[in-house]
Amino acid sequence: MQNLPILRLHPKAELPAYKTEGSAGMDLAYIGDEDLLLPKGEVLLVPTGLAIAIPKGYEGQIRPRSGFSTKNRIIMPNAPGTIDSDYRGEVKIPVLNLSGSDFRLEVGTRIAQIIFQKVELLAPIFVASLDETERGMGGFGSTGK
């Protein structure tokens, strides 16, 4: 396992960690000076108090924590989100409150997880045609239920 450089931007921020031996992702928490109100039906960027230097050749995929998301009806509108290896700003989690009322997010609540994946870079080129496949141009349900 290689090291992952993380900068603490807020004194309450803690290092993300894998919670079990089989965990694919590390949990990320809301870190701020006080609880945060998530208005119903609105999207907010929730700070984590962390900046991460993801190694070149990797990306960080931000996904909701299933328990937090399903219990509270708080989702990530862009899930999974991508953090590129050259980004050095604070990791913020976009959340959308789908519950019927405003939601108070307490400092330290684990709201998302980050999973690291290798990234293969490809060189785009224009071609005269594409190879044929069984699916062809069918999309959006074309393969059945």
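Here are a few notes on this predicted model, point by point.

1. Some ground rules. Residues are numbered from 1 along each chain as its sequence is written. In this predicted model, local features need pLDDT of at least 70, side-chain atom pairs count only at pLDDT 80 or more, totals for chains, interfaces and linings use all residues, and side-chain values use heavy atoms, without hydrogens or water.

2. Start with the open sheet: four strands in the order β2-β10-β5-β7, with antiparallel pairing. Strands here are DSSP runs (E, at least two residues), numbered from the N terminus, and two of them pair if DSSP finds at least two bridges between them. β2 (26-29) and β7 (81-83) each have a single partner strand, so one side of each has no neighbour in the sheet.

3. Now zoom in on one pair. β2 and β10 (residues 110-118) run antiparallel and are joined by four bridges. Met26, for instance, has Ile114 in β10 as its bridge partner.

4. What about the inside? The largest nonpolar core has 24 residues, and Val46, Ile62, Ile93, Leu105 and Ile111 have the most contacts inside it. Such a core is a set of buried (under 20% relative accessible area, 1.4 Å probe, protein chains only) Ala, Val, Leu, Ile, Met, Phe, Trp, Tyr and Cys residues joined through side-chain atoms within 4.5 Å. β2, β4 (43-52), β8 (90-97), β9 (103-105) and β10 each supply at least two of its residues.

5. Which loop holds Lys12? Lys12 sits between β1 (6-8) and β2. The C-alpha atoms of Lys12 and Gly32 are 7.6 Å apart, though 20 residues separate them along the chain.

Technical notes
Buried means under 20% relative accessible area, exposed over 50%, partly exposed in between (1.4 Å probe, protein chains only).
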